[in-house]
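These are my notes for a colleague who is coming to this structure for the first time.

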Amino acid sequence: MSLKRTTPLASALLLAAALLSPPVATAAPVDALAVPDISLTNVQAHLNDLQTIATNNGGNRAHGRPGYLASINHLKAKLDAAGYQTSVQQFTYNSATGYNLIADWPGGDPNSVLMLGGHLDSVTSGPGINDNGTGSAGLLEVALTVSRLSFAPQKHIRFGWWGAEELGLVGSNHYVNSLPTTERSKLKGYLNFDMIGSPNPGYFVYSASGQPTGSLQLQQTLQAAFSVPTELTSVGGRSDHAAFARAGIPIGGTFTGAEVIKTAAQAQKWGGTSGVAFDRCYHRSCDTITNVNATALDRNSDAIAYALWNLAGAGTPPGPRFENLTDVTIPDLSTVESPITVSGVAGNAPAALAVGVDIAHTYRGDLVIDLVAPDGTAFRVKGSSSDSADNILTTYSVNASGEVANGTWKLRVQDVASADVGRINGWSLQF
């Protein structure tokens with residue numbers, strides 16, 4: 001949470017094996033539209049990842065520091081592998097490059113977007129695990145749960161992780177200000193989650209008072225998400241919702257408290273210790289993995305999911321998902337294929353067939369990737385390039401509406417230049 005605030009709260013054998021091994025098909029869960037229980041264990045694992053990143057990068061994840069970019073890359077890889085369409089938006093502040101990570105879940109009404117976000121950066125003095133590793137981790141696990149359940153709501157879902165919040169809400173301001181008016185008008189609500197696991201927690205929900213029209217629904221939905229009493233808080237311009245509010249976009253959010261002292265009445269209502277700050281390690285080096293209340297983190301992560309499932313609207317469940325997780329070695333200067341046999345799908349493939357790809361490679365610019373339909377038609381999804389980065393963890397969209405869905409589809413991977421090798425870890429088709 002930013003300091004700039006005035007309110008207090010706020011190989012061939014493997015190829016042969018791959019050809020002989022049957023792929024695993026997983027249909028969309030029957031209960032995909034029910035609000036899920038978000039795994040606290042998974043959220044805590046994401047927090048541990050952020051702590052490790054900070055520890056390995058000078059003790060923080062601040063704007064312009066290597067720990068922040070490592071945090072962005074870590075989340076992006078997980079979201080790409082889960083089928084999100086991600087983008088990294090760059091900006092410059094204090095002569096350093098900053099980054100926002102945007103992740104769109106395919107589908108939903110593109111003219112009606114529900115966005116959820118929180119800042120990913122820390123202050124320079126510490127790793128920022130409560131502020132705001134907790135909000136970032138909760139949002140990440142909810143996003144991954146959307147993917148696991150193949151949630152297909154009426155609204156389009158977008159997640160954002162903001163940079164340089166601690167220097168004055170720079171990343172979120174840059175994002176909103178860079179949106180054309182027509183794109184802003186598509187945003188029907190923004191929910192912000194900044195500090196959701198304070199060690200001496202309160203349960204605060206952003207008040208709709210003084211906020212853009214439509215904010216009351218967001219406030220009431222979040223209040224209904226908790227099994228404990230909540231208090232409304234006017235966080236003013238204290239976090240990343242502020243830019244959205246100024247643009248007239250309805251906003252909401254939750255918060256477990258920062259440097260303000262918990263009162264006796266609040267301690268009686270919520271437990272914890274009166275006369276002590278909600279977070280004694282706010283903006284300090286002790287904001288580490290030990291500075292998190294698991295119960296508050298669990299309740300708030302579940303509240304994120306509750307709000308998303310209730311505000312995004314029930315949509316049409318997606319078709320079945322098929323995957324092949326058999327490793328296939330990609331030797332140097334070679335072509336390999338990995339098959340998936342699709343059955344039980346009526347008619348043709350969709351116009352936006354989602355092709356999830358997980359490839360480990362030491363120079364992905366060497367790779368050319370095609371999706372080959374059962375009739376032999378090849379769809380180029382990636383050409384060779386000068387991209388010197390490693391690995392491919394992403395989802396491609398292919399217009400395969402002219403192809404019959406059932407039959408054997410193949411992922412064809414060509415290594416077209418020397419010196420680097422890799423393997424297909426797995427791939428999937430989402431109908």
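1. A word on angles comes before anything else: two axes count as roughly parallel under 35 degrees, as roughly antiparallel over 145, as roughly perpendicular from 65 to 115, and as oblique for the rest. The axes themselves are lines fitted to C-alpha atoms, for helices over the stretch in contact, and the angles run from 0 to 180 degrees between N-to-C directions. Helices (H or I, at least four residues) and strands (E, at least two) are DSSP runs that are numbered from the N terminus.

2. This is a predicted model, in which local features need pLDDT of at least 70 and side-chain atom pairs count only at pLDDT 80 or more, while totals for chains, interfaces and linings use all residues. Residues are numbered from 1 along each chain as its sequence is written, and side-chain values use heavy atoms, with hydrogens and water left out.

3. The protein is divided into domain 1, covering 40-312, and domain 2, covering 321-430, where the bounds come from an automatic or database domain assignment. Taken over C-alpha atoms, the centres of the two domains are separated by 34 Å. Their contact (heavy atoms within 4.5 Å) takes 6 residues from domain 1 and 4 residues from domain 2.

4. Helix α2 (residues 40-55) and helix α10 (residues 294-312) have axes that come within 10 Å and cross at roughly 110°. The two helices α2 and α10 are therefore roughly perpendicular to each other. On the α2 side the contact is made by Leu40, Val43, Gln44 and Leu47, and on the α10 side by Ala294, Leu297, Asp298 and Ser301. Sorted by class, this contact of α2 with α10 has 5 nonpolar, 2 polar and 1 charged residues; here Ala, Val, Leu, Ile, Met, Phe, Trp, Tyr, Cys and Pro count as nonpolar, Asp, Glu, Lys and Arg as charged, and the others, Gly among them, as polar.

5. How many disulfides does a search of the whole structure find? The search finds 1, a disulfide being a pair of cysteine sulfur atoms within 2.5 Å. Cys281 is joined to Cys286 in this way, with an S to S distance of 2.1 Å, and the link is left-handed, with -115° about the S-S bond. Cys281 is buried at a relative accessible area of 12%, whereas Cys286, at 24% relative accessibility, counts as partly exposed. For these words, buried means under 20% relative accessible area, exposed means over 50%, and partly exposed lies in between (1.4 Å probe, protein chains only).

6. Helix α4 (residues 129-148) deserves a careful look. It is mostly covered, since 19 of its 20 residues are buried. The peptide bond from Asp131 to Asn132 is cis, with omega near 0°, and Asn132 is found in helix α4. Just after α4 comes Ser150, which has a positive phi of about 50° although Ser150 is not a glycine. Ser150 has its place in the loop between α4 and β5 (155-162), and is buried with a relative accessible area of 9%.

7. With neighbours within four places in sequence left aside, Thr394 is in contact with Asp80, Val355, Gly356 and Val357.

8. Strand β12 (residues 335-342) holds Val336 as well as Ser338. Val336 counts as buried at 3% relative accessibility, and Ser338 counts as buried at 1%. The C-alpha atoms of Val336 and Ile369, 33 residues apart along the chain, are separated by 10.0 Å, while those of Ser338 and Gly253, 85 residues apart along the chain, are separated by 44 Å. Leaving aside neighbours within four places in sequence, the residues in contact with Ser338 are Asn324, Val328, Trp409, Lys410, Leu411, Ile424 and Trp427.
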